[in-house]
Amino acid sequence: MRPETLRDGTVDVAVVGAGPAGLAAAAVALLGGLTVALVDAGQELGGQFWRRPPEGSAVDPGDDLHHDLATYRSLAGTVRSAARDGRCRLLPGHHVWTAVAPPATAPGERPQGPLPLHLLDRSSGPGRERTLRLDARHVVLATGAYDRPLPFPGWDLPGVYTAGGLQALLKGGGVRAGSRVVVGGTGPFLLPVATGLAARGASVVVCEANDPRRWACGAGAALGLPGKLVEGAGYAAALVRHRVPVLLRHAVTAAHGTDRVEAVTISRLDASGGIVPGSDRRVEADAVGTGWGFVPQLDLAVTLGADLVASWDGNRVVRVDEWQRTSVPGLSAAGEVCGVGGAQLAVREGQLAAEGVLRDLGRPSVTGERGLARVRGAVARHRRFAAAMAHAHPVPEGWTAWVDDATTVCRCEEVCAGQVRRAVADGAVGVRQVKQLTRAGMGWCQGRMCAPAVAGLAGPGEGEVAERLVATPVPLGALARGNGSPPHTLSRPAPEEKV
Amino acid sequence: MRVVVVGAGIVGASCALAAARAGCEVVVLDRGQVGAGTTSRGEGNVLVSDKEPGPELDLALVSRTVWGRWAEELGADALEFEPKGGVVVATAAEALTPLGELVAGQEAAGVVAHAAGPDDLRGLEPHLAPDLPGGYHYPQDAQVQPVLAAATILAAAVRLGARHRPATEVVGARRSTDGALQAVLCADGSEVAADAVVNAAGTWGGQVGERLGAPVPVLPRKGYVLVTQPVPALVHHKVYSADYVANVAASTEGLETSCVVESTRGGTILIGASRERVGFDPAMEPSTVALLAAQAVRLFPVLERVQLMRVYRGFRPYCPDHLPVVGPDPRVPGVLHACGHEGAGVGLAPATGELVAAHLTGADPVATLGIDPRPFLPDRLLTGAGDATRTEDLT
């Protein structure tokens, strides 16, 4: 079939997020002959997983930080070549700030007309943002996930990062955040962060809150994925090579310092996650990174009204069918928003999402029937592995005991744990009510940082996912300038817009 | 007298406090938590400036007085009560005359308003656009933090012996053979004995009324509030514009108010629609958000670089004639309504509570409160078909 070029403002598929899932969805849709717009808030293709320095940068952080670079190069190559042919519109530095699903004519019916995505173009810098509308017949949400941080005394000191933050500094600019680094939390993601830093000369200590013997339960799942075992063995070898101690059942329970972090307290945890009395010890550190798994980035999915479902790790995620289609007609989702399971799962879900769109449009499959069967098999194995990992790395129940009343929980609004506890004692139920009574979660990050912590301190309550109609801050002036005339719609691709 | 109040929003909490003070045994039931409905979706406006002379303005003026008294009794901080005053500006010179006429009528009703020329405006709000021709300062306008206020008012009622049962949905009422109310029935199978039940379910007042056998036409209307990032104090009052609109085609001619701009204690700036009957698009249309943003930037050019952080939406409860329904239902003994306050529920709540208490105890609200109760009675909505129409399904 002869590929179409982008002739008007409406594309066949808009993919939100250029990480593993989004790149794969875009590439497969393009190979299938569709027109695609690929939107990402970052400046480069690859998302967080394949984060790289800006094009033309002299910095080369090193390929050892990455996995599956061959996959990245192949997908990015397809996308870039289609962008040169005018079939793919690359929109780096663009953020979808909101989206509205048009009302369906009947339940489950495809709504009339395209799905409009409302973009904020930040590519020209602060003060020069503009709003745009992108119309797409299908939308694939691949917005990924972000670190789940948990508060502890001193976590707001400069030098304390999320584990993902440490990793992003390395991948994005070759920046080593410190020379004595403590990485804490739980989950396999801590290991590549630690080895990446250690390989660049940092002295690193890892505190894993759980016990690897839990892995035994998930070993069966891992057997289906030999690559994961090799990956894990690789980290283990690197940790040994760089003499990185991995302390099991340990956690970073406090950070100390005046202007920035100078040391941390490391504590041994009992079976329920409480601190073993007398086990505290002080370790000097000039950088700290903690990570307690990931939270899917659901803002757009919730705004568009997609049904959610509980995932293997307890997160709420987008409910999708076997073609990654959500409950909203015309809207698919792929990657971590459908369940945190890593890049290899995300790539395959992105592939399936694009195949689903091709199928809905009556186009032939790119992957082929046998290929699709292999993809589905891999998806099932990766999901089982992710579930086993989640089971082996829960957030310890007792973590709230590490948080004294003076610890800031919501950093944007400067709400401390004591205020949250008082609100709960006064009868507040759930994150939303705690927020209304204490302002926790009302600030700049809109609870993305503190909602998991507030939920933990608030105890069992309404498990609803917050509705965030505005997915990213938008200058009022940019909105005002877009008012009065119809919003600029994206038309033909501009050759100067390259990623 | 045993009174069940259905709804723990700002209106239900106010009814509970007023009824408890009047000596009633009060139980407050809500299917959710305190202030979780429309109370949590607004700016906490206590406004007299945006109302035309008439029954709603009379109720608002009494309510403003009661808010001041409650702030003294319960603590201004516990309500985040801020008597900051309002500033209404004309964005074009031709709006000044009709605005002046509105003010004359408001003053006759008891509103305090001071004319403000361009220099006065700059004194009141230094960051206002320099080309605005003038406006009025309304010192009575005020603000509360609505969820906090509802929680504080309800706690005061509880201290007087009221009981609060959250997460308890009302499904019906039990009556004796002669029709007298005996108990309110809850979804968990429990019953609460009652001589009277107050329908203070806000936007859901139509459904609760129906469950109590007394449907009232309270309808939902979507509205928005825009919230910006926290900024240093840029806006000191509740500020909105009054524009003179002459729309020949629709043969309507009059004042239209635009967005209300104000700051909160947290430093954020709230931008909301001051008068819902102006009729903003009811869907979450980015164009509506853009229009509100443009109006806010027109008033305060300094907001141009300030970032919108969040938009929240809620459902305002409105009656067909845009007046709240407060008072006993003529069809069903023991049922009183206190809902349908549209966008003014926070401002009108205390007087509504006092009015309900007067109805419950048989006091004369004209004598005790200076409020004529008749314009708010449900009877006006129950003519025509002889019965209230069924309410729309909110979903």
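Reader: Good. Which domains does chain A have?
Author: The domain assignment divides chain A into domain 1 (10-146 + 295-389), domain 2 (149-292) and domain 3 (399-462).

Reader: How many residues of domain 1 of chain A are in contact with domain 2 of chain A?
Author: On the domain 1 side there are 16 residues, and they are in contact with 18 residues of domain 2 of chain A. Helix α9 (residues 369-392) of chain A gives the most to the domain 1 side, with six residues. By class, that side of domain 1 of chain A has eight nonpolar, two polar and six charged residues.

Reader: And what separates the centres of those two domains?
Author: Taken over C-alpha atoms, the centres of domain 1 and domain 2 of chain A are separated by 30 Å.

Reader: Why is A:Pro394 called partly exposed?
Author: A:Pro394 is called partly exposed because 17 other C-beta atoms lie within 10 Å, whereas a buried residue needs 20 or more and an exposed one has 12 or fewer.

Reader: How far apart are A:Pro394 and A:Val11?
Author: In sequence they are 383 residues apart, and in space 41 Å, C-alpha to C-alpha.

Reader: Changing topic: how many residues does each chain bring to the contact between chain A and chain B?
Author: Chain A brings 27 residues and chain B brings 30 residues. On the chain A side, α11 (430-438), β22 (474-475) and α13 (476-481) each supply at least two residues. The most come from α13(A), with four residues. By class, the chain A side has 13 nonpolar, 11 polar and three charged residues.

Reader: Which strand of chain B is joined to β22(A)?
Author: Two bridges join β22(A) to strand β17 (residues 307-318) of chain B, and the two strands run antiparallel. Within β17(B), B:Gln307 is the bridge partner of A:Pro475.

Reader: Finally, where in chain A is confidence lowest, and where highest?
Author: Confidence is lowest in strand β23 (residues 488-489) of chain A, at a mean of 49, and highest in helix α1 (residues 20-31) of chain A, at 98. Over residues 1-7 of chain A the pLDDT is below 50, and over residues 484-488 of chain A it stays under 50. For chain A, the mean pLDDT is 86, with 89% of residues at 70 or more.

Reader: How should low pLDDT be read?
Author: Where pLDDT is low, the predicted coordinates should not be read in detail.

Terms used. Residues numbered from 1 in each chain as written. Chains lettered and ligands numbered in written order. Predicted model: local features only at pLDDT ≥ 70, side-chain atom pairs only at ≥ 80, totals over all residues. Domains from an automatic or database assignment. Contact = placed C-beta atoms within 7 Å. Nonpolar A, V, L, I, M, F, W, Y, C, P; charged D, E, K, R; others polar. Pairing = 2+ DSSP bridges. pLDDT = per-residue confidence, 0-100.
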